[in-house]
Amino acid sequence: MRAALIRLCALPAAVALAATGAAAPASAAGGRVSAQDRAFVAAAGHGGAFEVAAGRMAAQQAHDKGVRAFGNRMVADHTKAGAELTALGKELGLEVPDTPSEEQDAILTLFGTTTGPVFDCSYAPVEYFDHVAAIGAFEKEADQGRNAKLKTFARKALPLLREHQTMIADTLTDVRCTAPVPLPTPIPIPGD
């Protein structure tokens, strides 16, 4: 089950990071924009939109007060980060997605079919593994990105993403799951 959740949660980040997106200007504020930078912007845009949408669902559908509070925090923090990324993207001539990816929409659809403790047991693990993937993507951009402004954005966001990961890990210890977590069938796996 854990491996399936890891694959499900990592898929949106992996798909977005593999994409190179549209051509970007050869030179932009903060330096050149590489394929890595464009892929990061796409993944971060989709990821932030997913976090906001899923957070809103958690605030309304969760049973555990910690899960509800975490959802509200995701809405606030990722809305702010999304606005910063959108402004930076505009400055660099890059389009920043403002909706979840197709794969993330599938996860949101799954969340929409649950409430209460079943929602908690679906949402919390997805959030944990989603933040694991996001931290990896932001670390990669901070270390390997070409554009200085995007690298700075990624470095600045990392402490907050790590805080989110710790928060949801702590919340997971309080969530009691007695039934299997429903997963979409078949679970999409990259390369299949």
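Author: A residue is called buried here when its relative accessible area is under 20%, exposed when it is over 50%, and partly exposed in between, using a 1.4 Å probe and protein chains only. By that rule, 48% of the 192 residues in the protein chain are buried. The model is predicted, so local features need a pLDDT of at least 70 and side-chain atom pairs count only at pLDDT 80 or more, whereas totals for chains, interfaces and linings use all residues. Residues are numbered from 1 along each chain as its sequence is written, and side-chain values use heavy atoms, with hydrogens and water left out.

The setting is helical: the protein chain has 6 helices and 0 strands (DSSP runs, H or I of at least four residues for helices and E of at least two for strands, numbered from the N terminus), and its pattern along the sequence reads α-α-α-α-α-α. Of the contacts between residues at least 6 apart in sequence, 79% join residues at least 24 apart, where contact means heavy atoms within 4.5 Å.

Turning to the charges, the structure holds 5 salt bridges, each defined as a side-chain nitrogen of Lys or Arg within 4 Å of a carboxyl oxygen of Asp or Glu. One of them joins Arg-73 to Asp-77, with 2.6 Å between the closest N and O atoms. These two residues are 4 apart in helix α3, and Arg-73 and Asp-77 are therefore separated by about one helical turn. Arg-73 counts as partly exposed because its relative accessibility is 25%, while Asp-77, at 17%, counts as buried. The pairing also belongs to a network of salt bridges in which Arg-73, Asp-77 and Glu-163 are linked.

Another salt bridge brings together the side chains of Glu-84 and Lys-156, at 3.2 Å from N to O. This pair links distant parts of the chain, since Glu-84 lies in helix α3 and Lys-156 in helix α6, 72 residues apart. Glu-84 is partly exposed at 29% relative accessibility, whereas Lys-156, with a relative accessible area of 55%, is exposed.

Glu-91 forms a salt bridge with Lys-149, and here the closest N and O atoms are 2.3 Å apart. Again distant parts of the chain are linked, with Glu-91 in helix α3 and Lys-149 in helix α6, 58 residues apart. Glu-91 is partly exposed, with a relative accessible area of 41%, and Lys-149 is partly exposed as well, with 35%.

Lys-151, which lies in helix α6 (residues 148-174), deserves a separate word. Lys-151 is buried yet has no salt bridge, and the nearest side chain of opposite charge, that of Asp-143, is 6.8 Å away (Lys and Arg count as positive, Asp and Glu as negative, and His and the chain ends are not counted). If residues up to four places away in sequence are set aside, Lys-151 touches Glu-141, Ala-142, Asp-143, Gly-145 and Arg-146.

Read together, the pairs described above include one within helix α3, Arg-73 with Asp-77, and others that link α3 to α6, namely Glu-84 with Lys-156 and Glu-91 with Lys-149.
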